[in-house]
Amino acid sequence: MVAAVDQGTTSTRCILFDREGERVGMSQLEHRQIMPRPGWVEHDPRELWANTRRVLADVTAESEYAASDIAALGITNQRETTIVWDRETGEPVYNAIVWQDTRTTGICERLAAEIGEERINRVTGLPISTYFSGPKIAWILDHVEGARERAEAGELLFGTVDTWLTWNLTRRDGKALHVTDVTNASRTMLMNLETLEWDRELCAAMGVPPAMLPAIASSSQYLGKVRWAGPVAGVPLAGILGDQQAATFGQACLEPGEAKNTYGTGNFLLLNTGTVPQRSDHGLITTVAYRIGEELPVYALEGSIAVTGSLVQWLRDNLGLIPDAPSVEALARTVDDNGGCYIVPAFSGLLAPRWRPDARGVIVGLTRYITKGHIARAALEATAYQTREVVEAMDADSGVSLTSLRVDGGMTGNDLLMQFQADILGVSVTRPTITETTALGAAYAAGLAVGFWESTDEIREMWREDRTFAPSMSAEQRDRLYARWDDAVQRTLGWER
């Protein structure tokens, strides 16, 4: 079997997959969301590492397989989340700054003025945004006492969560692997998208010493053995992919023109564009989809939506409308429509395709008629509306209209949402048998590197459909609802000045 650690925004999982790509074991733990100020989101790196150790131990203890049966370990992770730690002690100098965090607005404004959006986009494929890792590194170095001096002296290391976990998993006798893969590196605003190397001019502009950056590896290659003295000691570490790229790989979107949408904390729609990066004119990101060994990298256009599943968590944790996330579907089914209520969850601004950090969340259309059922339904519909915005941008960039959409992630178990998504897009939505495609993609990458699976053709053959949702809404109704959604979005803009 192959093991995959899936370190996400709200939880850490370890899943074991057999040769047919079937899940044979899983352990999962949630971690704290630390929000010291409005717009700030942090995680404790020590907690992320502790939870990773725990799920690795639990899944191997509870499985019918022995740890010695693990052929390889893959890692997939929340991207852009930034950790800086001491090279000698392994102690983080600050909490992990999460991808949703917006504290680096000032740094981004300075970069726009000094370098310009066009220069950064041309080199990295990314817009200037608080979303990405580079400005987060700069913030830590500027705001933690002594951090910049220590970084310039070579005492501190940077990594996204994949790098942090790899470093800890391979650390022994003062040595550890300090490495990331091309997909995570492509989300830092520091990597040249075509050379796949760190851009020294951008590093200098952001004040990031190159010595603290990890080596950039392929997504599927043997990196080394686990040296942490736990149940997976000695297992080859052979695959790293950012979570959305891992889901693309797990969905077997391996040919240009194939797309998937992941419904998790946020939504992320990726379209495989082949071995040449395609630039976006409609608010999408150009990113690396994956790289296998020494083969040419494969690129993607991506539409990133910050808040979808986390909106359901907000209904649960902040408003107390539901006891648990799955209950949102039953509550939403108590009404026939949204009753004129729309929610735009711009909790930390809007990402693709609008890129408006000044936006903030709104609930509009409230009347005495509105019940908590309407609010639950509006929360689910917000996910579908945001996805349509991204699909329209992707259609405009690619020149080809999407005819079907493969979906994955926790929210895809919600049949009401999946049907509404098909209706508001006007295309079929297909859910695979295995919806944990993020972990599956990391497992595939690791397994390919050690010969557990022979080729991507074998991976494609393992993809299986669970259900397809066909659109049933009239075009007139679809456009009317979507126009009202756009009206609601306009009311979020310019709130944060």
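E80 lies in the loop between β5 and β6, where strands (E, at least two residues) and helices (H or I, at least four) are DSSP runs numbered from the N terminus. The model is predicted, so that local features need pLDDT of at least 70 and side-chain atom pairs count only at pLDDT 80 or more, while totals for chains, interfaces and linings use all residues. Residues are numbered from 1 along each chain as its sequence is written, and side-chain values use heavy atoms, with hydrogens and water left out.

- E80 counts as buried because its relative accessibility is 1%, buried being under 20% relative accessible area with a 1.4 Å probe and protein chains only.
- Leaving aside neighbours within four places in sequence, E80 is in contact (heavy atoms within 4.5 Å) with I97, W99, Y131, F132, S133, K136, T160 and R187.
- R79 lies in the loop between β5 (72-77) and β6 (83-86), and R79 counts as buried at 2% relative accessibility.
- Residues touched by R79, not counting those up to four places away in sequence, include W99, Y131, R187, D243 and Q245.
- The side chain of R79 makes a polar contact with the side chain of Q245 at 3.1 Å, a polar contact being a pair of N or O atoms within 3.5 Å of which, within protein, one must be able to donate a hydrogen and the other to accept it, with residues adjacent in sequence counted only if both atoms are side-chain atoms.

**The second largest pocket**

- About 1,000 Å³ of space lies in the second largest pocket, a pocket being, on a 1 Å grid over the protein atoms alone, an open set of points where a 1.4 Å probe fits, with protein on both sides within 12 Å along at least five of seven lines, whereas a cavity is a set from which the probe cannot get out; lining residues have an atom within 4 Å of a point.
- Of the 43 lining residues, Y263, G264, T265, G410 and M411 are the closest to the centre of this pocket.
- With five residues, α10 gives the most to the lining of the second largest pocket.
- An unreviewed UniProt entry places the feature "binding site" at T9, R79, E80, Y131 and D243, and the lining of the second largest pocket takes in these residues; such annotations may be inferred rather than shown by experiment.

**Cavities**

- A search of the whole structure finds three cavities of 30 Å³ or more.
- The largest cavity holds about 120 Å³ of space, and of the 16 residues that line the largest cavity, I305, L350, L351, A352 and Q386 lie nearest its centre.
- About 80 Å³ of space lies in the second largest cavity, to whose lining α14 gives the largest share, three residues.

Terms used:
Points joined across faces, edges and corners; volume = space filled by probe spheres on them. Buried < 20%, exposed > 50% of the residue type's maximum accessible area, 1.4 Å probe, protein only.
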